[in-house]
Amino acid sequence: MLADCPDCVRLWQEYAQINNAYLKIASDLQVARIQQDSTAIAELLKRQDVAGEKRQAARKAAKDHAADHLKAKSAKQGH
Ligand SMILES: [Zn+2]
């Protein structure tokens, strides 16, 4: 990512936020499993699925955007 590109910063911040939410669900899930709370486990598994998809989409958005920078850079250099 480029530190001086607001889009890069925004996309990676979004990814970091979603990633934190995902990790929180994973740790809640661990607690629910220790407590053998099947209702909480089922609910958290659903939330983890949704969060996992969001996380992948956010990472892809950030990577695709970074790839655009690389393309623009190599076009400028005439390769
Ligand atoms: Zn950028």
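This is a short walk through the structure, from overall form to one residue in helix 1.

The model is predicted. Its secondary structure is quickly told: 2 helices and 0 strands. The radius of gyration is 18 Å, whereas the globule rule gives 12 Å for 79 residues, so the protein is more spread out than a compact globule. The C-alpha trace spans about 60 × 20 × 15 Å along its principal axes. Burial is put at 8% of the 79 residues. Contacts tell another part of the story. Take those between residues at least 6 apart in sequence: 61% of them join residues at least 24 apart.

Now turn to helix 1. This helix covers residues 6-34, which makes 29 residues. At 1.5 Å a residue, helix 1 should span 42 Å. Its end C-alpha atoms lie 42 Å apart, so expectation and model agree. Three residues of helix 1 are buried: Leu11, Tyr15 and Ile25. Just past the end of helix 1 comes Gln36, with a positive phi of about 50°.

Gly52 lies 23 residues from Leu29 along the chain, and 14 Å separates their C-alpha atoms.

Terms used
Residues are numbered from 1 along each chain as its sequence is written. This is a predicted model: local features need pLDDT of at least 70, side-chain atom pairs count only at pLDDT 80 or more; totals for chains, interfaces and linings use all residues. Helices (H or I, at least four residues) and strands (E, at least two) are DSSP runs, numbered from the N terminus. The radius of gyration is taken over C-alpha atoms; the globule rule is 2.2 Å times the number of residues to the power 0.38. A residue is buried if 20 or more other C-beta atoms lie within 10 Å of its own, exposed if 12 or fewer, and partly exposed in between; C-beta atoms are placed from the backbone. Two residues are in contact if their C-beta atoms, placed from the backbone, lie within 7 Å. The expected span of a helix is 1.5 Å times one less than its number of residues.
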